[in-house]
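Here is a briefing on the pockets of one protein model. Look at the structure, then read the points below.

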Amino acid sequence: MTSTTTAAPVHYHVDGGVGAIVLDRASASNALDRTMKEELLKALVAARTDEHVRAVSITAAGKNFCVGQDLAEHVEALHTDPTHAMDTVREHYNPIVVALHDLGVPVIAGINGACVGAGLGLALAADIRIAGQRAKFGTAFTGIGLAADSALSASLAALVGPGRAIALFLLGDTFDAATAETWGLVHRVVPDEEVAEQTATLAAQLADGPTAAFRAVKELIAVNAGAELADVLDLEAAAQERLGASADHSAAVEAFLAKQRPVFLGH
């Protein structure tokens, strides 16, 4: 199935089971203004509610992935209505991150250029990240007297550890793709010109995979963060029992024994 919904500054289309989201305010380094945030949320909701979507990719047009909040818009809000200038966190950023986490399918982010502030929060809400060699990362928030949003205080600490996360917030240091890979923030570093292609290829690969198992793994990892070992084992056992009775599992085992490539249908 192929369908397309295009609404600048976010493009969304579905092809071959992949819901592809492209951030497209290249002239503003994909800074997030109100319209862009609203359209991004619409795309995520569309992906979540489409039974044909079995993986989601997020990439960006231009030289940068996302530099976070559009500060020109933010300054205007501070001048015209300072009491409500930060409403965007609850109104836009929180729902976007929740929508990303609620996607039961794999989410792959392809990161080029700058990925900072809320842009970094969006990237870390994905399951897998591919970065171009010249990608640059940073928290950016304390540099403008803010703390963190887009769940970055939790996601960054979970990936790099609380101590390093605090230092990155307090010092505002930026770091490159190679460092991000060493710290486990990105899965793979590729030439800049290959980011979109490799992200699409990986998304297509995952869209052909065992969707039910992927969903269960995501749920287990989310639920089991900090859980007792006994609870983890019980939840894993229940998931394996459920998946062990699935058609996908049975067909995959048969294909493995026959030395064939399994075809997963997601049930």
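**Pockets in the model**

The lining of the largest pocket holds 21 nonpolar, seven polar and six charged residues. Here Ala, Val, Leu, Ile, Met, Phe, Trp, Tyr, Cys and Pro count as nonpolar, Asp, Glu, Lys and Arg as charged, and the others, Gly among them, as polar. The model is predicted: local features need pLDDT of at least 70, side-chain atom pairs count only at pLDDT 80 or more, and totals for chains, interfaces and linings use all residues. Residues are numbered from 1 along each chain as its sequence is written, and side-chain values use heavy atoms, without hydrogens and water.

**Largest pocket**

- Its volume is about 870 Å³.
- A pocket is an open set of points on a 1 Å grid over the protein atoms alone, where a 1.4 Å probe fits, with protein on both sides within 12 Å along at least five of seven lines; lining residues have an atom within 4 Å of a point.
- A volume is the space filled by probe spheres set on the points, which are joined across faces, edges and corners.
- The lining has 34 residues, and His101, Ala126, Asp127, Lys218 and Ile221 lie nearest the centre.
- Elements giving two or more residues include helix H3 (87-102), strand S5 (107-111) and helix H9 (211-224).
- H9 provides the largest share, seven residues.
- Helices (H or I, at least four residues) and strands (E, at least two) are DSSP runs, numbered from the N terminus.

**Second largest pocket**

- This pocket has a volume of about 270 Å³.
- It is lined by 17 residues, with Val67, Gly68, Gln69, Leu71 and Ile144 closest to its centre.
- H3 contributes the most, three residues.
- By class, eleven lining residues are nonpolar, five polar and one charged.
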